[in-house]
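Let's take a walk through a protein model together, one stop at a time.

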Amino acid sequence: MPPWLTRLARREENKVKPKASWAQIGVFVFLGLFFLDWASDFLIPLVAAILGFLIMRPVERRMSKWGVPSVITAFLICTVAGAGLTFAAWNFSHPISQLAEDLPDMINDLRRMPNAAAETLDKLGEAAKAAEEAVDSVNDEAAMEVKVVKGTNFISSLVTSAPLVLGQIALTIVLMFFLISSGSSFVRKLVESLPRFSDKRAAVGMVQQVEQKLGLYLGGITLINLCLGIAIGIAMALWGLPNPVMFAVIAFSLNFIPYVGAIFGALLASVVGFSVYNDAWTAILIFSTYMMLTSIEGQFITPYVISNRLKLNPTVVFVAVAFFAWIWSVVGMVIAVPVLITIKVILDQNPATRKIGVFLGGEEDGRDVEI
């Protein structure tokens with residue numbers, strides 16, 4: 001390298017880069033949150049497709065080594081994904097709709113039971129009625145006519161939101177098909193667009209780490225959830241609940257949602273148990289059985305199988321799940337952990353943001369950090 005070019009490079013490196021102010025960072029964060037919410041209908045399938053591509057890229061490479069074209073691999077993967085989503089939706093639609101229809105009758109049955117829970121519900125009902133009468137007495141002169149629309153229930157809301165959800169699922173599968181069918185050319189063109197060789201090498205390493213960690217997470221969680229679903233299905237069968245296979249599928253699917261999925265599945269099982277036995281204590285025991293199995297999985301099995309090689313801060317995971325649930329609803333809860341893993345890998349690759357990556361990690365990442 002000529003001496004003048006070396007001096008120029010050193011001069012560029014020694015230049016003081018302007019630092020962003022807190023006001024600029026705040027405006028950027030606010031605009032970012034607004035954009036995530038405003039463009040959620042497009043960003044949800046886009047992010048899901050990119051995550052699916054990164055997870056399935058090792059499969060595509062292996063199939064290519066065996067002589068299978070990338071288009072065929074993409075078609076098989078997308079077909080299996082579509083069939084799995086259809087099967088899960090079919091198994092979820094009936095129990096949830098049945099629960100929505102039976103819930104008022106179950107509450108009325110619970111209110112008629114002579115126990116503390118029934119008394120509490122009665123007191124809450126009396127308090128709500130008294131508050132309503134007080135508000136009506138104040139606003140009698142400015143009363144408004146309210147038109148009650150019959151038939152507005154859980155099923156109608158599902159029917160209303162079904163086209164949007166189906167459209168997002170279709171867009172996700174189509175985008176994932178094009179990404180996987182492109183083979184390694186998409187990543188190669190992305191790397192080639194970077195100006196410096198060091199950036200290219202860092203990008204290749206980053207993509208490989210994201211693929212490895214996402215594959216480790218999804219493969220381990222899928223195997224664990226499969227075993228958990230079988231265990232919960234057997235437990236619900238021993239309790240005498242109808243269709244234990246349905247509970248196995250629900251437990252397998254819901255456990256991909258950290259924290260919230262286990263609670264929702266346990267509540268669903270307890271409500272069905274109450275409708276079968278008409279006994280609150282039996283419903284509580286069914287709820288406890290479900291939560292005990294998920295707690296064993298979450299506290300012992302998952303840390304042993306996955307967390308020894310994939311460390312994440314539990315508090316950050318919970319906040320990420322809550323944040324993406326707020327921004328992107330149920331789909332956000334599902335993709336929250338994969339997105340968090342991807343963000344951590346990206347932050348770890350940059351020395352300027354490595355401390356943030358350490359904060360997102362678990363105890364192993366923070367072992368060398370002085371406190």
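Start by finding threonine 282, which sits in helix α11, a helix that covers residues 280–307. Is threonine 282 buried or exposed? With a relative accessible area of 16%, threonine 282 is buried, because anything under 20% counts as buried. If you set aside the neighbours within four places in sequence, threonine 282 is in contact with Trp239 and Tyr277.

Asparagine 278 has a positive phi of about 55°, although it is not a glycine. That deserves a second look, because most residues other than glycine have a negative phi. Asparagine 278 counts as partly exposed, at 47% relative accessibility.

At 44% relative accessibility, asparagine 243 counts as partly exposed.

Helix α10 (residues 260–277) holds serine 270. Serine 270 is buried, with a relative accessible area of 9%. Which residues does serine 270 contact, leaving aside its neighbours within four places in sequence? They are Ala283, Ile286 and Phe287.

In helix α9, look for phenylalanine 252. Phenylalanine 252 counts as partly exposed, at 26% relative accessibility. Phenylalanine 252 and glycine 229 are 23 residues apart in sequence, but in space their C-alpha atoms are 4.7 Å apart. Not counting residues up to four places away in sequence, phenylalanine 252 touches Thr222, Asn225, Leu226 and Gly229.

With those details in mind, step back to the whole chain. This is a predicted model, and the protein chain averages a pLDDT of 75, with 70% of the residues scoring at least 70. Among the elements, α3 has the highest mean pLDDT (86), and helix α5 (residues 116–138) has the lowest (50). Over residues 141–155 the pLDDT is below 50, and this stretch has six contacts in the model beyond near neighbours in sequence. The pLDDT is also below 50 over residues 366–371, a stretch with two contacts in the model beyond near neighbours in sequence.

What is the chain built from, helices or strands? The protein chain has 13 helices and zero strands. Of its 371 residues, 32% are buried. Among the contacts with a separation of 6 or more, 72% are between residues 24 or more positions apart.

Next, follow helix α12 (residues 314–349). This helix has 36 residues, yet its end C-alpha atoms are only 22 Å apart, short of the 52 Å that a straight helix would reach at 1.5 Å a residue. Where does α12 bend? The bend, of about 145°, is at tryptophan 328. Not counting residues up to four places away in sequence, tryptophan 328 touches Leu36, Ser40, Leu43, Ile44, Val47 and Ile335.

Tryptophan 328 also brings us to the inside of the model. In soluble globular proteins, nonpolar side chains tend to be buried together. The largest nonpolar core here has 43 residues, and Leu214, Trp328 and Leu340 touch the most other members. Two or more residues come from each of α3, α4 (70–111), α6 (154–181), α7, α8 and α12. The largest share of this core, 16 residues, comes from α12. There is also a second, separate core of 17 residues, which includes Met236, Leu241, Ala266 and Tyr290.

Our last stop is helix α7 (residues 185–192), where Ser185, Val187 and Val191 are buried. Why do they lie on the same side of α7? They cover an arc of only 160° around the axis, and so they share one side of the helix. The cover over the buried residues of α7 includes α3 (40–65) and α8 (197–238).

Notes: Residues are numbered from 1 along each chain as its sequence is written. This is a predicted model: local features need pLDDT of at least 70, side-chain atom pairs count only at pLDDT 80 or more; totals for chains, interfaces and linings use all residues. Side-chain values use heavy atoms; hydrogens and water are left out. Buried means under 20% relative accessible area, exposed over 50%, partly exposed in between (1.4 Å probe, protein chains only). Helices (H or I, at least four residues) and strands (E, at least two) are DSSP runs, numbered from the N terminus. The arc is that of the directions from the helix axis to the C-beta atoms. Contact means heavy atoms within 4.5 Å. pLDDT is the predictor's confidence in each residue, from 0 to 100. The expected span of a helix is 1.5 Å times one less than its number of residues. The bend at a residue is the angle between axes fitted to the seven residues ending there and the seven starting there. A nonpolar core is a set of buried Ala, Val, Leu, Ile, Met, Phe, Trp, Tyr and Cys residues joined through side-chain atoms within 4.5 Å.
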